[in-house]
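Colleague: I am new to this one. Please walk me through it, a piece at a time.

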Amino acid sequence: MGLLLDSLQSAFLLLISFDPELLVIVGVSLKVSIVSTLIAAVAGVPAGFFIAHSRFIGKRFVLTCLNTLLALPTVVIGLVVYSFISRRGILGPLDLLYTQNAIIIGQVILIVPLITSLTIAAISRIDNRYRKTALTLGATHVQMALVIIREARFGICAAIIAAFGRVIAEVGISMMLGGNARGFTRTMTTAMALEYDKGEFVLAVALGLTLMTIAFAVNMLFHFFQGRTRVDVV
Amino acid sequence: MLYELNDVVREYKGRVALNIPHLEIEAGKIYTLIGPNGAGKTTLLNLFAFLDQANSGDLRFVGESVSYSAKQLLALRRRVVLLDQYPILFTGPVWKNVEFGLKIRGMGKAERQQRVLEVLDLVGMQSFVDADAHKLSGGESKRVALARALALRPEVLLCDEPGANVDKENQEIILSILSRINGTEKTSVIFSTHYLAQGRRLADHTLMLEHGMLSTMVNENIYRALVIRREGGRAECQLAGRLLLSLPEDMIDRDIKDFKLQIDPEGIVYAPERNGQEGNNIITGHVEQLNQDRGRVLIGLDLGVKLFFFLPMAEYLKQPPAIGSKVTVALPDRSFRCSSM
């Protein structure tokens with residue numbers, strides 16, 4: 001108990017002193033998580049709209065695959081991406097391994113299925129009359145899609161926030177593809193794992209507190225958007 | 001011709017929802033589609049709005065065959081607007097809803113604003129210009145949706161049950177607007193309704209639909225009938241378990257006991273003693289409903305079942321029956337039509 005209290009006290013002092021190493025780690029974490037979330041959103045939201053709004057052979061199979069991918073362990077993604085970007089892999093010459101870009105690639109693969117699935121759910125809840133109304137008022141298919149995305153915007157925002165929460169807290173991909181290089185690919189989660197291995201709890205606890213604060217803020221946003229969606233449906 | 005349909009068939013999962021061998025719709029007129037639920041009214045309106053495609057047949061719009069290419073569809077849809085039975089408004093203020101169609105057509109902001117106020121004024125909703133569209137009542141939503149359609153000044157305004165789901169006051173407002181824009185803007189109007197009197201009061205032409213097909217019979221006076229006995233070339237039938245009628249036996253197949261009977265409201269003879277009508281099916285009931293219908297009066301009679309018939313205005317004025325008064329009518333054989341259930 002004493003160890004935890006001492007660690008908490010030291011961690012708090014570290015946080016309020018704006019320790020440079022801590023700030024770098026938090027900065028790297030936020031950067032890779034934000035970039036991977038944005039890339040996944042650009043791919044996942046239109047894909048979700050397309051799947052929700054079109055009829056094609058094998059749609060049920062695609063939905064099953066997406067749901068399966070939601071349970072994909074981060075270490076599996078780490079292994080697969082590693083096999084592509086390691087020196088012997090087909091993308092080896094690009095020198096991506098142990099870079100922030102490698103982490104971003106892995107994280108994008110992790111959350112594209114999540115954003116796509118949640119976008120499908122959000123779009124499917126939107127009344128079909130929006131589509132019909134937009135078309136009869138003279139909208140093109142793109143304008144009609146924008147109307148529907150606008151009506152489903154709270155659900156889509158919630159999907160993106162959930163995806164951000166997933167990547168900022170993951171450790172497998174960051175460790176395997178980033179390599180936990182100090183000041184470069186060291187994220188909050190990999191740093192915490194390292195400090196734990198070293199038996200140094202102070203930085204680990206400080207990072208844990210920061211991560212929890214970010215997670216709390218993200219969840220607040222998530223619930224805010226979910227609440228708005230529910231009101232809309234009613 | 002505004003629309004011309006030839007051998008148009010629309011099926012849903014193997015069930016024929018619409019089957020129209022030939023139909024022509026004139027421009028600049030008001031048409032009403034009358035029929036019970038599932039008659040194919042909404043399906044036909046969706047075809048007219050180019051929101052749906054027939055499985056077979058030819059649909060022509062202003063003389064041109066509709067090919068359903070993406071480019072042609074967009075151009076056609078921008079000439080026609082469909083007002084849904086339960087219209088949905090986009091999230092945001094009323095003005096943003098009304099200007100939607102204008103904005104996507106690239107109209108300038110000042111012109112848009114002016115048009116929005118103009119049409120909201122036309123539907124009596126100008127004071128709601130900044131209101132949240134999702135906080136309006138059913139009638140108000142319908143009027144805003146009508147304004148949103150009218151803002152586009154379409155060549156054709158299609159309305160699916162404009163009087164449904166709104167109170168009497170809003171119903172009258174909506175119907176009078178349809179009549180007004182047809183008069184002033186020469187907009188062709190096609191609207192569907194369950195109510196014969198409402199449709200005929202407003203429309204130049206009435207199209208009756210039943211089971212997806214155009215029908216010459218109105219959808220009123222349709223009953224389930226049961227053959228009680230057959231005797232001397234006549235079949236005694238009971239309607240809805242109440243009214244007994246005598247029908248020519250050859251109208252009903254030998255092996256049929258349970259069938260659907262339609263009685264043409266145009267064929268019913270009022271006050272048969274005055275008109276020299278004799279024979280079967282002379283019955284007396286109480287007047288329950290009176291409606292004016294373009295030079296005629298539609299009378300609803302309580303005979304244990306409700307029976308409607310038309311009376312020319314001149315005849316009605318000779319001795320106007322009042323609500324509750326007793327009236328005798330004759331149902332000649334020519335007014336009956338039998339079909340299977």
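Modeller: Start with strand E6 of chain B, residues 80–83: B:Val80 and B:Leu82 point one way, B:Val81 and B:Leu83 point the other way, and all are buried. Buried means that 20 or more other C-beta atoms lie within 10 Å of the residue's own; exposed means 12 or fewer, partly exposed is in between, and the C-beta atoms are placed from the backbone. Helices (H or I, at least four residues) and strands (E, at least two) are DSSP runs numbered from the N terminus.

Colleague: How are things numbered, and what sort of model is this?

Modeller: Residues count from 1 along each chain as its sequence is written, while chains are lettered from A and ligands numbered from 1 in the order in which they are written. The model is predicted, and local features need pLDDT of at least 70, side-chain atom pairs count only at pLDDT 80 or more, and totals for chains, interfaces and linings use all residues.

Colleague: Back to E6(B). Which strand does E6(B) pair with?

Modeller: With strand E7 of chain B, residues 156–159, in the parallel sense over 4 bridges. Two strands pair if DSSP finds at least two bridges between them. B:Val81 has B:Leu157 in E7(B) as its bridge partner.

Colleague: And what does E7(B) pair with in the parallel sense over 4 bridges?

Modeller: E7(B) pairs that way with E8(B), where B:Val189 is the bridge partner of B:Leu157. Strand E3 of chain B, residues 30–34, is joined to E8(B) by 5 bridges and runs parallel to it. B:Ile30 stands opposite B:Val189 there.

Colleague: What is the order of the open sheet in chain B?

Modeller: The order of its 4 strands is E2-E1-E4-E5, with antiparallel pairing. Strand E2 (15–25) and strand E5 (64–65) are at the edges with a single partner strand each, so one side of each has no neighbour in the sheet. Strand E4 (residues 56–61) and E5(B) pair over 2 bridges in the antiparallel sense, with B:Phe61 opposite B:Glu64.

Colleague: Now a helix. Which residues of H4(B) are buried?

Modeller: B:Arg115, B:Val116, B:Val119 and B:Leu120 are buried in H4(B). They cover an arc of only 130 degrees around the axis, which puts them on the same side of the helix; the arc is that of the directions from the helix axis to the C-beta atoms. The face turned away from the buried side carries the exposed residues B:Ala110, B:Glu111 and B:Gln114.

Colleague: What do the buried residues of H4(B) pack against?

Modeller: Helix H3 (94–104) and helix H5 (138–150) of chain B.

Colleague: And what follows H4(B)?

Modeller: B:Gly124, with a positive phi near 70 degrees. B:Gly124 lies in the loop between H4 and H5 of chain B and counts as partly exposed because it has 14 C-beta neighbours inside 10 Å. Not counting residues up to four places away in sequence, B:Gly124 touches B:Arg143 and B:Ile173. Contact here means C-beta atoms, placed from the backbone, within 7 Å.

Colleague: Over to chain A. How many helices and strands does chain A have?

Modeller: Chain A has 11 helices and 0 strands. Buried residues make up 40% of its 234 residues, and its C-alpha atoms fill a box of roughly 65 × 45 × 25 Å along the principal axes.

Colleague: Which residues in the largest nonpolar core touch the most other members?

Modeller: A:Ile115, A:Ala163, B:Ala147 and B:Leu158, out of 124 residues in that core. A nonpolar core is a set of buried Ala, Val, Leu, Ile, Met, Phe, Trp, Tyr and Cys residues joined through C-beta atoms within 7 Å. Helix H5 of chain A (residues 100–124) gives the largest share of this core, 15 residues. A second, separate core of 23 residues includes B:Leu245 and B:Leu301.

Colleague: How many residues does the contact take from chain A and from chain B?

Modeller: The contact takes 14 residues from chain A and 17 residues from chain B. On the side of chain A that touches chain B, the largest share, 6 residues, comes from H6(A).

Key. Contact = placed C-beta atoms within 7 Å.
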